[in-house]
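Please keep the sequence and the model in view while reading.

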Protein chains: 4
Amino acid sequence: MATEANSVPHPTLISGIHNRWHPDIPPIATVKPGQTFKIECVDWTGAQIGNNDTSDDVKNVDLTKVHNLSGPIAVEGAEPGDCLVVDILDIKPFDKMPWGYTGIFELENGGGLFAREFNSKAAKAIWDINGVYATSRHIPGVRFAGVTHPGLIGTAPSVELLSTWNKREGELIAAHVNSVPPVAFPPEPIGAYVGQALPSDVRERIAREGARTIPGREHGGNCDRLIDFLRRGSRCYFPVFVEGANLSVGDLHFSQGDVSMSFCGAIEMAGIITFSTSVIKGGVEKFALKQPIFLPSPVDPMYSQKLVFEGLSVDIHGDGKQYNMDATVAYKQAALNAIAYLMKIGYNLLLSAAPVESHVGAIVDSPNACVTLAIPTGIFEHDILPHPDGLAKKDFGQCAIRSDGVV
Amino acid sequence: MATEANSVPHPTLISGIHNRWHPDIPPIATVKPGQTFKIECVDWTGAQIGNNDTSDDVKNVDLTKVHNLSGPIAVEGAEPGDCLVVDILDIKPFDKMPWGYTGIFELENGGGLFAREFNSKAAKAIWDINGVYATSRHIPGVRFAGVTHPGLIGTAPSVELLSTWNKREGELIAAHVNSVPPVAFPPEPIGAYVGQALPSDVRERIAREGARTIPGREHGGNCDRLIDFLRRGSRCYFPVFVEGANLSVGDLHFSQGDVSMSFCGAIEMAGIITFSTSVIKGGVEKFALKQPIFLPSPVDPMYSQKLVFEGLSVDIHGDGKQYNMDATVAYKQAALNAIAYLMKIGYNLLLSAAPVESHVGAIVDSPNACVTLAIPTGIFEHDILPHPDGLAKKDFGQCAIRSDGVV
Amino acid sequence: MATEANSVPHPTLISGIHNRWHPDIPPIATVKPGQTFKIECVDWTGAQIGNNDTSDDVKNVDLTKVHNLSGPIAVEGAEPGDCLVVDILDIKPFDKMPWGYTGIFELENGGGLFAREFNSKAAKAIWDINGVYATSRHIPGVRFAGVTHPGLIGTAPSVELLSTWNKREGELIAAHVNSVPPVAFPPEPIGAYVGQALPSDVRERIAREGARTIPGREHGGNCDRLIDFLRRGSRCYFPVFVEGANLSVGDLHFSQGDVSMSFCGAIEMAGIITFSTSVIKGGVEKFALKQPIFLPSPVDPMYSQKLVFEGLSVDIHGDGKQYNMDATVAYKQAALNAIAYLMKIGYNLLLSAAPVESHVGAIVDSPNACVTLAIPTGIFEHDILPHPDGLAKKDFGQCAIRSDGVV
Amino acid sequence: MATEANSVPHPTLISGIHNRWHPDIPPIATVKPGQTFKIECVDWTGAQIGNNDTSDDVKNVDLTKVHNLSGPIAVEGAEPGDCLVVDILDIKPFDKMPWGYTGIFELENGGGLFAREFNSKAAKAIWDINGVYATSRHIPGVRFAGVTHPGLIGTAPSVELLSTWNKREGELIAAHVNSVPPVAFPPEPIGAYVGQALPSDVRERIAREGARTIPGREHGGNCDRLIDFLRRGSRCYFPVFVEGANLSVGDLHFSQGDVSMSFCGAIEMAGIITFSTSVIKGGVEKFALKQPIFLPSPVDPMYSQKLVFEGLSVDIHGDGKQYNMDATVAYKQAALNAIAYLMKIGYNLLLSAAPVESHVGAIVDSPNACVTLAIPTGIFEHDILPHPDGLAKKDFGQCAIRSDGVV
């Protein structure tokens with residue numbers, strides 16, 4: 001019979017919040033290879049954004065605190081040079097918080113890929129998470145199945161790797177001293193946080209040297225870029241740099257397009273991620289593992305029909321200029337083309353949260369780098385395809401905006 | 001009964017080779033909206049590469065002649081500002097030529113994305129096309145279903161659009177006068193070709209002003225970038241710039257990865273493409289049609305299991321350098337990571353022809369642009385997944401190389 | 001900010017167990033159209049089967065108690081003739097019970113499709129549910145992503161519909177009085193259960209008239225047959241026969257093949273199902289709704305490579321007999337062919353729980369009805385494809401068997 | 001250079017029409033394992049049906065001539081007990097005949113699954129094949145990508161196997177002497193045909209003993225049932241019964257649903273099929289190969305959204321009767337439910353030619369066998385989903401009917 005004695009839940013590990021990558025952050029727990037375990041995660045901002053109808057919380061968000069990570073988790077037997085195999089078994093919001101949000105950040109506080117083009121003011125959309133689907137009272141007429149994934153996941157860097165990061169990024173910063181926005185973010189003691197009891201010299205060293213969480217690096221890290229290769233059901237192969245591997249994770253997303261268009265472009269949520277791990281000895285050498293590799297999940301929202309926009313590396317601000325094989329410009333162009341199309345229907349904020357796919361096209365056919373952006377038509381309740389009669393514009397309301405009404 | 005009287009083949013249009021984009025190239029034929037028709041295409045080099053076992057033809061290829069286009073085809077009723085809907089109904093090699101090729105070009109003659117990293121010498125692989133599959137005597141152990149598509153397709157530019165192209169690309173060239181390889185290619189009378197009887201002043205004007213076929217532009221053009229959105233079964237929406245639209249097409253591919261890694265990275269072939277068209281009046285305005293948009297085909301080779309590599313914008317030549325959000329560097333990195341992995345198994349030239357998918361990851365998480373590259377495991381006859389015991393290296397022979405043995 | 005005030009979980013409704021279909025079972029709760037809600041379900045046997053390593057609980061299971069249903073739930077505004085739209089938003093095991101089971105039932109107690117062929121003795125396999133995946137200590141070497149779904153779901157029958165069922169099934173039983181196993185199951189007061197306080201005459205009427213839960217009928221009901229059209233993310237359109245529709249659900253499965261080969265062939269589990277509903281007035285007439293129709297979920301485990309076996313309506317017991325267009329014989333044949341193949345590798349119980357697909361082939365090409373059965377190769381840790389050297393047999397251990405050792 | 005010398009087409013084998021299965025039909029050609037070759041096929045009726053707008057040719061079709069097969073082809077080295085691996089590389093209509101047809105046959109001449117329900121009169125629809133798509137002037141508003149496949153393919157039976165077939169089918173016929181339609185078809189000299197010069201005693205023996213082509217059997221044969229497992233790109237494993245295997249093929253289809261609902265339910269066409277083969281020695285024993293097994297193609301039309309109908313084994317002629325686990329009745333019910341739905345939109349003949357999928361549901365939940373039928377919504381130019389307002393009926397014209405106007 002099914003009894004309490006033979007029904008044991010998978011253990012949930014106390015989370016251990018921190019917001020820097022550093023080898024001296026001690027593991028909060030140790031797991032055995034093969035064990036299934038869960039980790040609770042706050043959202044990336046540490047619960048600064050609420051389920052409400054103004055964007056003031058986005059406007060005033062304190063970004064020195066990001067990204068909140070849970071961990072590290074040590075894996076028995078993992079040593080530098082090994083490969084840590086991580087199975088992402090499930091990701092879900094907390095039962096008591098079945099919602100997430102997408103934000104457009106102020107140009108002065110967070111910005112985003114198009115912050116300058118649009119002189120961005122804070123806005124947001126709240127998404128209700130109903131099982132596999134998200135819908136939003138702020139973006140009616142759309143429902144889609146999410147590709148839940150962690151925004152940040154990585155092993156701890158070694159002393160040497162951390163030093164390499166700080167050196168090379170420091171040189172880039174030094175070469176672009178007055179750049180706005182900054183080209184990179186050096187270690188910053190202000191706001192550095194490790195939610196454990198630590199000797200003060202260790203705490204200070206972590207704050208002084210710890211790598212910021214914004215870019216992805218050789219250990220994984222910020223994985224906005226890896227979209228659906230991290231969705232539930234995926235297997236990840238991380239290089240191990242320290243004893244125990246020391247895996248941390250955070251910034252859970254219910255869904256995200258291929259690129260964070262609005263700085264915080266995913267449907268951000270707090271929740272629980274379920275893992276199991278194994279260790280392949282010497283895996284870094286065996287697999288030429290300079291960076292993580294991935295086996296994507298067989299569980300995939302399938303939207304077979306897509307409408308595809310392309311962008312070239314020309315004319316990004318209406319200046320008619322020819323850029324030289326610049327994939328970033330081409331990507332912006334593709335996104336702007338898609339936005340122009342969707343605005344004819346009545347949509348705006350949608351793109352960054354929807355399961356959009358972006359492909360790098362040719363970067364050898366000088367001078368035009370080319371990028372495409374594919375929007376699944378099945379996420380809309382109505383037909384968005386090109387019709388001989390043109391596109392019917394509807395009123396899809398408006399995102400949550402600032403309480404002072406500035407948009 | 002089935003008789004000759006009630007069995008009429010779709011018409012095949014005489015091809016009309018040309019290798020520049022210009023409004024003054026007259027249509028070689030006119031079709032009605034709704035009509036199904038076929039166009040014969042030579043390969044992009046004009047049959048300079050043969051089905052043999054040395055790469056001398058690649059080494060000595062005359063690149064002033066490229067790309068060979070077939071057309072233009074005028075569509076009744078199409079006018080500037082309209083949208084030309086083109087259905088790509090089928091693409092196949094000539095019955096008498098069931099083969100294609102992938103080439104690595106010499107650094108001094110063609111080059112390619114990695115030409116300098118590897119000091120490229122000419123090499124090639126011949127692929128046998130057996131129905132939906134390609135196999136190669138030069139790359140054993142691999143078989144894959146192709147995503148056949150045209151490498152170049154586009155409507156003719158208007159006088160004004162051609163002028164815009166020449167102006168903006170000329171300015172870029174002027175700003176990078178000594179760049180190797182050149183940043184862009186200005187109009188070049190040498191090698192310009194239009195296979196029609198034309199008044200000499202028209203022929204000279206086309207040669208003098210005609211846009212080169214290397215980059216993609218607002219009318220379509222070189223579409224290496226658009227990979228599977230142009231595969232058979234896809235629907236394309238082109239802006240119309242001249243009376244009749246004047247559609248041209250060429251550079252048929254049996255298959256191609258997301259990026260031309262080896263300059264001529266697809267499986268290049270000669271063959272026949274089948275189209276039908278329709279016209280949406282005023283479509284440019286109706287759909288905010290700055291560039292073509294696409295409805296991809298429902299007919300898609302489905303390889304669900306993929307192994308995914310990522311690249312960051314750091315350390316491209318082993319220099320440890322931090323690049324500033326450079327998606328091209330990140331792409332190269334992803335490709336090099338994949339190549340390092342595949343070399344442990346014994347492969348090299350494969351990647352550019354295989355149905356590899358590349359995604360642009362985050363380009364907002366300064367300073368690391370991130371790009372991923374996904375290889376379908378189902379195209380290999382043997383297991384390429386990471387195993388605890390490592391990867392077994394096999395001898396997969398060698399591509400066709402130069403007859404002087406230089407590699 | 002994210003606070004308790006703005007974080008409200010979806011309500012979980014007290015379940016209300018019953019095991020007959022009858023119009024007089026009162027709703028245990030009423031929901032509004034559009035509301036998301038959860039229902040807790042015991043497993044179909046009412047927790048008689050345990051997470052242990054003998055099959056004695058299967059051998060001794062009390063089948064008069066099945067199937068345990070949760071509900072009914074009334075939907076505001078639903079009336080006879082309407083269509084009740086039910087969105088299946090999520091299905092998961094209880095956190096404290098991350099496991100399920102597959103059972104082979106004794107010929108004398110439950111039987112199954114092949115009970116007589118194999119003179120079945122009780123056996124079972126316990127599956128650990130780790131997020132999206134199931135693995136079993138009793139069937140090593142296999143891991144697959146589940147297609148979670150409810151085994152039973154339906155609206156309550158009206159007095160008239162219940163009467164129709166009892167009449168037509170009674171006539172069938174009368175025409176096959178001594179059939180073993182019985183051709184159908186008449187109402188049976190013994191074991192009938194409704195977990196609510198009811199007047200004794202109502203309770204007796206339900207026990208006396210209530211339809212058994214074994215077959216599917218016009219209202220839905222036992223939906224083993226509907227496999228992945230009921231998986232999470234699917235939308236179902238049920239005819240409404242009584243005021244409020246009175247939806248009941250139970251018999252949750254983590255996974256199941258297309259046919260219950262071993263009587264209880266799915267991975268059976270207890271857990272929680274999340275729904276939302278809406279009502280389409282007059283939907284029965286609008287959609288010619290004789291039985292439910294379904295819009296399957298876009299969220300689908302994708303195993304693209306499959307190995308396919310076929311069966312014909314001949315020679316089912318080795319008798320060489322020609323059956324007359326009998327799809328059931330053809331299905332058994334296909335399954336036996338697949339079992340013969342898998343036994344060469346070392347597997348046995350697997351088929352009924354794996355995400356196997358079965359298609360009805362021709363039933364017009366007399367005399368051979370034909371059925372196919374497709375097994376996804378990606379669920380195995382090792383290669384099961386036909387190789388020139390044949391198939392290597394491994395020891396995959398054994399299911400849990402009876403404690404007396406009889407197999 | 002690409003020259004005639006290095007461009008050699010795959011050989012096309014002279015077809016060799018025959019319409020019986022018999023070991024004494026000599027191979028018309030011999031191929032080597034690994035060789036790619038093509039076979040030309042007439043349509044199954046031998047070109048009796050024309051591209052025109054009346055159904056008189058269907059009404060008067062001579063069915064004693066069917067099915068026309070091309071072959072046999074001997075494969076070097078294949079012996080009884082081996083496994084013949086057949087790769088189906090491509091299938092296409094003749095260039096000069098880009099069309100096919102779907103027919104409803106007269107109850108008195110061919111019939112079909114629903115012939116009696118509807119008292120069928122001859123009707124047909126002509127489909128234009130435009131590359132990967134079919135459209136019909138007789139069924140407007142629908143376009144779909146075909147799953148081209150051969151309707152019949154198989155190896156030659158041995159003397160013993162042929163004898164087994166004739167014995168078991170003869171016994172069935174003997175047990176149902178007056179059945180209409182007949183339960184099976186015995187050898188029939190009238191209409192038997194082998195398009196080769198043969199000694200008269202051999203020709204007579206073939207006519208007297210040769211198995212009819214209507215059902216599928218252990219060697220393959222009529223494979224309507226196998227739908228997309230035979231589409232281009234698929235690999236088939238056939239048991240070999242005679243020296244050389246002697247493969248024959250015919251009855252090419254551009255597309256077909258899971259079951260031939262209208263007797264000749266596919267889009268029938270004449271055309272060319274491309275094969276390559278290999279031999280696995282002793283494969284029958286190695287793979288427990290009682291019947292063919294299949295590895296389906298990775299090239300698959302992908303229509304992710306489907307509307308699903310179910311059928312139960314009750315009430316097939318409106319008689320309210322309870323059938324006993326009859327999957328054929330359940331299938332008819334599912335089809336009738338789908339037809340009732342589509343008639344509300346205005347369609348009728350469509351179902352049998354469209355890429356419909358049918359699944360066998362439970363055949364253990366007595367007394368109701370259950371079958372589902374899934375229609376891809378993407379093949380319709382307009383929305384067919386259930387809407388709160390109901391379904392709009394349109395006029396989709398009418399199939400080609402008899403010239404005497406009887407329908």
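The term pLDDT denotes the predictor's confidence in each residue, on a scale from 0 to 100. Two residues are in contact if their C-beta atoms, placed from the backbone, lie within 7 Å. This is a predicted model, in which local features need pLDDT of at least 70, side-chain atom pairs count only at pLDDT 80 or more, and totals for chains, interfaces and linings use all residues. Residues are numbered from 1 along each chain as its sequence is written, while chains are lettered from A and ligands numbered from 1 in the order in which they are written.

Over residues 259–264 of chain A, pLDDT stays under 50, and the model has 29 contacts beyond four places in sequence for them. For the complex, the predictor gives an ipTM of 0.84 and a pTM of 0.86.

A residue is buried if 20 or more other C-beta atoms lie within 10 Å of its own, exposed if 12 or fewer, and partly exposed in between. Values for chain A follow.

| Property of chain A | Value |
|---|---|
| Mean pLDDT | 83 |
| Residues with pLDDT of 70 or more | 86% |
| Buried, of 407 residues | 62% |

Ala184(C) counts as buried because it has 24 C-beta neighbours inside 10 Å. Leaving aside neighbours within four places in sequence, Ala184(C) is in contact with Glu169(C), Leu172(C) and Ile173(C), and also with Ser366(D) and Pro367(D). Between the C-alpha atoms of Ala184(C) and Asn60(C), 124 residues apart along the chain, the separation is 22 Å.
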